[in-house]
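Please read the points below alongside the sequence and the model.

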Amino acid sequence: MEKLPTLKIGVPSIRGIVGESFTPQLAAEFAAAFGSCCGPNEVVIGTDTRSSRTMITHAVVSGLLGVGCIPVDAGIVPSPSLQHCIRTGNAVGGICITASHNPVQWNALKFFGSEGISLSPNQFAELTGLYHQGAYARVPSGSISRLKTDDSVISRHSQMIIDALDSDLIRGKEFKVAVDCCNGAASSAAPDFLRKLGCRVYEFNCEIDKPFPRNPEPIRQNIEKFCSFVRESEAGIGFALDADADRLALVDHRGNSLGEDYTLALVANYYLESEASPIVVNVSTSQVIEDVAARFGTTVHRTKVGETHVVEKMFQTGSSIGGEGNGGVIIPGLNPCRDSFVGMGYILEYMASSNNSIAELKQQLPAYEMIKSVVNCRPRDIVHFKSMLKHLYQGFRLETIDGLKIFKGSGWIHIRGSNTEPVVRIIVEAESTKEAESFLAEILDYLRPLVR
């Protein structure tokens with residue numbers, strides 16, 4: 001069987017399997033290329049809790065020092081905290097050492113510009129061009145700076161959000177909240193944030209020195225134990241995060257996972273009550289977002305998958321609310337990136353102001369069944385597969401914003417090559433479980449000859 005390539009170079013990250021395709025040498029060289037774009041200025045570095053973090057951090061620091069940058073080590077921090085630090089501090093850029101939702105054997109470098117925003121496609125192309133050319137000047141020993149540290153990154157980020165919320169209203173409710181941080185970057189930060197909002201917190205997988213207990217992506221099948229914990233602890237709501245805390249999934253008091261697409265839908269449903277705005281989401285996000293938009297008479301703009309594309313479109317359209325269906329909530333006025341802390345804060349404020357449980361708030365939105373699947377596939381086969389499906393479904397409405405989206409029956413099917421793993425991602429959504437399962441089975445039958 002042919003071995004699939006694991007190095008993924010795509011906006012805005014470099015990621016791979018540690019010790020296989022992702023090495024300290026690769027990290028050092030990409031850091032040097034990025035540092036040459038930043039000049040003799042501060043570049044903030046943060047990590048999640050993967051065991052490879054120390055090795056990769058040393059490599060990144062070496063790469064930055066070698067081209068004259070001033071690296072600032074923020075330690076283990078959530079990605080949105082790092083991005084807030086870059087935007088509000090003295091740094092001209094940042095690197096987060098995290099593979100986010102990928103399994104533990106992976107790691108990555110995520111690059112951010114001076115506004116704490118992921119690199120644009122043009123900026124990323126410039127970075128990879130420099131890396132391939134090796135066209136960056138090394139500095140002599142007398143010009144090498146000292147490594148700095150900053151242990152205030154998390155506290156400044158969480159306080160910014162607390163100040164933006166109706167915190168007194170939330171504190172008055174004394175919510176019982178369960179939180180699953182996957183032993184990741186928010187394992188201390190998220191419980192502390194919730195306690196500052198007056199919550200009684202029940203911690204699950206919040207041990208920063210322990211390995212990931214589950215696949216980091218907070219999808220339904222990965223958080224089943226947490227769902228049971230929420231129910232058994234009699235918490236009013238459960239928050240499940242990924243390894244770098246940019247994704248947020250919700251669990252109700254009965255232990256039911258609401259589906260990560262409903263995180264953004266619920267936040268938007270509350271946010272738009274007080275501020276008019278178009279909504280920007282990626283092409284894979286649930287159609288429930290159109291239902292939310294219709295309620296407020298606003299429009300929905302869809303983009304390619306990826307925070308970079310969503311944020312860029314939000315600035316173009318003047319949108320103040322958006323995100324991705326993977327549990328990523330983006331409110332640029334607070335932090336122009338996917339931010340689980342913003343998501344948790346707004347959900348608690350929504351519950352407090354409405355005097356409703358999260359289950360009751362979810363019932364106010366239309367229900368859809370979404371199923372996500374992945375299939376191992378060589379990159380070159382994805383193009384052939386997309387072409388074949390366009391022919392097979394030529395009688396249906398098709399969109400090619402990112403991969404291929406087929407509108408069928410009460411829902412849709414979206415197929416695209418992953419930006420983060422050597423797989424094809426398949427997402428189907430319909431009004432019933434039976435219809436969604438039928439969509440998925442149909443696509444998998446077509447895909448089977450290409451499976452590796």
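This is a predicted model: local features need pLDDT of at least 70, side-chain atom pairs count only at pLDDT 80 or more; totals for chains, interfaces and linings use all residues.

**Notes on backbone, sheet and cores**

1. Asn205 is located in the loop that runs between β9 (200-204) and α8 (224-233). Although Asn205 is not a glycine, its phi is positive, at about 55°.

2. Is Cys182 buried or exposed? Cys182 counts as buried because its relative accessibility is 0%, the cut-off for buried being under 20%.

3. The peptide bond between Val11 and Pro12 is cis, with omega about 0°. Pro12 belongs to the loop between β1 (8-10) and β2 (13-17). As background to these backbone points, most residues other than glycine have a negative phi, and most peptide bonds are trans.

4. Turning to the sheet, five strands make up an open sheet with antiparallel pairing, and their order is β16-β20-β19-β18-β17. At the edges stand β16 (369-376) and β17 (397-399), each of which pairs on one side only. On average, neighbouring strands of this sheet are turned by 15° against each other, direction ignored.

5. Strand β17 pairs with β18 (residues 404-408) over three bridges, in the antiparallel sense. Leu398 has Ile406, in β18, as its bridge partner.

6. Which helix lies across β16, β18, β19 and β20? It is α15 (residues 433-447), which lies across β16, β18, β19 (411-417) and β20 (423-430). Helix α15 runs at about 150° to β20.

7. The largest nonpolar core contains 57 residues. Within this core, the residues with the most contacts are Leu194, Phe239, Leu266 and Leu348. Helix α12 (residues 340-354) supplies the largest share of the core, namely nine residues.

8. With its neighbours within four places in sequence left aside, Leu194 is in contact with Val177, Val179, Cys199, Val201, Phe239, Met344 and Leu348. Two of these partners, Phe239 and Leu348, are themselves named among the residues with the most contacts inside the core.

Notes: Residues are numbered from 1 along each chain as its sequence is written. Side-chain values use heavy atoms; hydrogens and water are left out. Helices (H or I, at least four residues) and strands (E, at least two) are DSSP runs, numbered from the N terminus. Buried means under 20% relative accessible area, exposed over 50%, partly exposed in between (1.4 Å probe, protein chains only). Two strands pair if DSSP finds at least two bridges between them. Axes are lines fitted to C-alpha atoms, for helices over the stretch in contact, and angles run from 0 to 180 degrees between N-to-C directions. Contact means heavy atoms within 4.5 Å. A nonpolar core is a set of buried Ala, Val, Leu, Ile, Met, Phe, Trp, Tyr and Cys residues joined through side-chain atoms within 4.5 Å.
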